Amino acid sequence: MSIGLICPLDGENLHLHSSHKFVSCRNNHHFDFAKQGYLNLLPVQQKRSKQPGDDKTMVEARCRFLNSGVYQQIAQTVINLTKQNHTDVSLLDAGCGEGYYLRQFALQLPQAKLAGLDISKDAIISAARQNRQHNQQVQYLVASNKNIPVVDHSLSHILCMFGFPVYAEFAKKLQTSGLLICVDSGEKHLLELRQAIYPEVKAFSPINRHSAIAAGFKLINTESVQYDYCLNQQQISDLLLMTPHGHKGNTDKITALKKQSEFTLGIDAQISVWQQENG
């Protein structure tokens, strides 16, 4: 294992068995590798439901959408930020979904230690399968951002891509001077989609940075990635499936939108780079 893992039950270090079939801690808690190659480190007591996170339909839609390249500019910007002044990268994508961003990292930073976690088992199964298909060496875990089963202070970077940051937990897992890179929706992100399916578009809520500051992070850089993209019919359908908009919007308007052969919308990603104050 490239990035050190800890037992989700007692916090002890996990060690790879010589058979390469499972990991275990000194208290004999065993966790088997699934046939796809991932580890499930989400104990039942840490679950809020039987199958938390995105379901298989949402995962498949997100996989098709992201693999089609719609968010490639976002991925490249984050990779470029990670490359700056860092030669020894050990990176966790916290809420990695089906692994799109980590696959881009593995292509451009082949020497990096990469891991991804997600609370959705279906998402991690998809990520692990594609990891093998591309012959990449990313570690994938079913786990939660609230209880990250990674050795404390072992990561140079944590990514949180349109996700749910748990700043105190992130701070505990980062090395001194380690970086947290967050990507959040900007005011104009998917605005045309929201205008097309809702009677009224809700007012934009700016990013709340207070929790990050309270956890000991300082903001050291920001980037804005904005561009227009013309979606085809499949991409329109997948975008609706992979986001809450597909079941929150007006049904008739969603049906009408799905019938369009193309639809141009704005992408607006706001990237913030954080470092611990004592870094």
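Which residue in E3 is the bridge partner of serine 24? Select serine 24 and look across to E3: the partner is histidine 30. Keep in mind throughout that this model is predicted.

**Stop 1: the open sheet**

Serine 24 falls within strand E2, residues 22-24. E2 and E3 pair over three bridges, in the antiparallel sense. The three strands make an open sheet, ordered E1-E2-E3, with antiparallel pairing. Strand E1 (15-16) and strand E3 (30-32) are the edge strands, and each of them pairs on one side only.

**Stop 2: two loops with positive phi**

Select histidine 20. This residue sits in the loop between E1 and E2. Its phi is positive, about 65°, although histidine 20 is not a glycine. Is histidine 20 buried or exposed? It is exposed, because its relative accessible area is 55% and the cut-off for exposed is over 50%.

Move on to asparagine 28, in the loop between E2 and E3. Here too the residue is other than glycine and phi is positive, near 65°. Asparagine 28 has 60% relative accessibility, so it counts as exposed.

**Stop 3: a parallel pair and its crossover**

Select strand E8 (residues 155-161) and strand E9 (residues 174-185). They run parallel and are joined by six bridges. Then trace the chain from E8 to E9. The path goes through helix H5 (residues 167-173), and this β-α-β crossover is right-handed.

**Stop 4**

Which residue in E11 is the bridge partner of valine 183? Look for isoleucine 271.

**Stop 5: aromatic pairs**

How many aromatic pairs does a search of the whole structure find? It finds four. Show tyrosine 71 and phenylalanine 162, one of these pairs. Their rings are tilted, with 5.8 Å centre to centre and 35° between the planes. Tyrosine 71 is in the loop between helix H1 (56-67) and helix H2 (72-83), while phenylalanine 162 is in the loop between E8 and H5, so the pair ties together parts 91 residues apart in sequence. Tyrosine 71 counts as buried because its relative accessibility is 5%. Phenylalanine 162, at a relative accessible area of 27%, is partly exposed.

Next, show tyrosine 167 and phenylalanine 217. This aromatic pair is edge-to-face: 6.4 Å centre to centre, with 65° between the planes. Tyrosine 167 belongs to helix H5 and phenylalanine 217 to strand E10 (residues 217-232), so the pair links distant parts of the chain, 50 residues apart. Both residues, tyrosine 167 and phenylalanine 217, are buried.

**Stop 6: two crossing helices**

Finish with helix H8 (residues 233-242) and helix H10 (residues 251-258). Their axes come within 9 Å and cross at roughly 150°. Angles over 145 degrees count as roughly antiparallel, and H8 and H10 are therefore roughly antiparallel to each other. Now show the side chains at the meeting point. From H8, select Gln233, Ile236 and Leu240; from H10, select Ile254, Leu257 and Lys258. These are the residues where H8 and H10 meet.

How values were computed. Residues numbered from 1 in each chain as written. Predicted model: local features only at pLDDT ≥ 70, side-chain atom pairs only at ≥ 80, totals over all residues. Heavy atoms only, no water. Pairing = 2+ DSSP bridges. Helix = DSSP H or I, 4+ residues; strand = E, 2+ residues; numbered from the N terminus. Right-handed = clockwise from strand over helix to strand, strands pointing away. Phe/Tyr/Trp six-rings, centres within 6.5 Å; stacked < 30°, edge-to-face > 60°. Buried < 20%, exposed > 50% of the residue type's maximum accessible area, 1.4 Å probe, protein only. Axes fitted to C-alpha atoms, helices over the stretch in contact; angles between N-to-C directions. Parallel < 35°, antiparallel > 145°, perpendicular 65-115°, else oblique. Contact = heavy atoms within 4.5 Å.
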